[in-house]
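Here's a quick briefing on how this fold is put together. Have a look at the model first, then read on for the sheet, the helices and the cores.

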Amino acid sequence: MAALTPAELATLLGPQSANKVKIASVPITVTNRWDGFSDRFAKLLTARLRPIVRAAARVQPSGAVLLKAEVIQKAIGQPEISEVWQTQQSDEPLAMKLSLPLVAGFVDRLLGGGSESIADPAAELRSLSETDRQLASRLSDAIRQSFVEAIQSKNDAESCRLDRISTALSEAWLSDCELVRLTFDVRFVQGAGSFDLLLSVDLAESLADQLTVAEKKQRYESESDRLRLTDWAKASRVTVRLAQTSLSPGDLNNLAIGDVLLTEADAGQPCEVLIDDRVTFLAEAGQLDGQKAARLLQAISG
């Protein structure tokens, strides 16, 4: 008995290798499963921002992407304003990251000035003073309060604590942690910007809408392909069977060391080669380099 690797088995099977399972690559697609939560959160935040900026404001969802934490960690730049929070709904923290144009527009609006455009490079290069950060905290507080309210609405929870923890985005998660990034666009009368909510997958799943029929089918097919790929990657058990016979219970009980078992197979009859207990080839037994070997003679169809 021996174990063959997938590559060795493919060489052994020859033309029959056309029956191998081909795994189609299934791209990760951005779904709309968080549209319901994002819309509800955006409406809550819009209503909360208008009294703060004392003018028209609008918050709109602009996308949801599944990514690894290392993508966020590698893209971190300075200066930036971000906060990491913890909620009892998830073991992993969640975070908020404000774009600099949004911070510039919000601060200028609070100070009574004209907000810079999101397309203005100066907004990206603007240094953040302590005053900027203090004023921007009013925006982050509004985001946090709206998020808590949106969670309560979704989960019908009586209460939800969202505690700020002193952790940088580069240290909030292990690099292989999967996150869902929900992005929102914010517009004021003068100026605009965006911000991200970074949620662990378990928390995001608790806030997501139910899978559509098409998404359930895609997930099922993807999981089926993964399981088939796992089965194909396993080493196969190969057995060379010299011959076989049957013995009565009495003959079996009388077997002793030195007895010769006489089979019903003709001396010139080829051996059977079984792959995972299925007869696949006929072979001729022999030896090679001091080891027992079998030379394949014929493939067994079916």
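**Starting from Phe41**

Leaving out residues up to four places away in sequence, Phe41 touches Ile143, Ser146, Phe147, Ala150, Phe184, Phe195 and Leu197 (contact means heavy atoms within 4.5 Å). This is a predicted model, where local features need pLDDT of at least 70 and side-chain atom pairs count only at pLDDT 80 or more, while totals for chains, interfaces and linings use all residues. Numbering starts from 1 along each chain as its sequence is written, and side-chain values use heavy atoms, with hydrogens and water left out.

**Cores**

- Phe41 is also among the residues with the most contacts inside the largest nonpolar core, along with Leu49, Ile143, Phe147, Phe195 and Leu197; that core has 47 residues.
- A nonpolar core here is a set of buried Ala, Val, Leu, Ile, Met, Phe, Trp, Tyr and Cys residues joined through side-chain atoms within 4.5 Å, with buried meaning under 20% relative accessible area (1.4 Å probe, protein chains only).
- Helix α6 (residues 130-155) gives the most to this core, nine residues.
- Another core lies apart from it, with 11 residues, including Ala69, Ile72, Trp173 and Leu198.

**Sheet**

- Six strands make an open, antiparallel sheet, ordered β2-β6-β7-β4-β3-β5; strands pair if DSSP finds at least two bridges between them.
- Helices (H or I, at least four residues) and strands (E, at least two) are DSSP runs, numbered from the N terminus.
- β2 (57-68) and β5 (162-165) each have a single partner strand, so one side of each has no neighbour in the sheet.
- From one strand to the next, the twist averages 25°.
- β3 (residues 81-87) and β4 (residues 94-98) run antiparallel and are joined by five bridges; Val84 has Ala95 of β4 as its bridge partner.

**Helices on the sheet and on each other**

- α2 packs on the sheet against β2, β6 (178-188) and β7 (192-200), its direction making about 135° with that of β2.
- α4 packs there too, touching β3, β4, β6 and β7, at about 125° to the direction of β7.
- α2 (residues 35-53) and α4 (residues 100-110) pack at about 45°, axes 9 Å apart; axes are lines fitted to C-alpha atoms, for helices over the stretch in contact, with angles from 0 to 180 degrees between N-to-C directions.
- Leu49, Ile52 and Val53 of α2 meet Phe106, Arg109 and Leu110 of α4.
- α4 is mostly covered, with 10 of its 11 residues buried.
- Gly112 follows α4 and has a positive phi, near 85°.

Definitions and conventions: Buried < 20%, exposed > 50% of the residue type's maximum accessible area, 1.4 Å probe, protein only.
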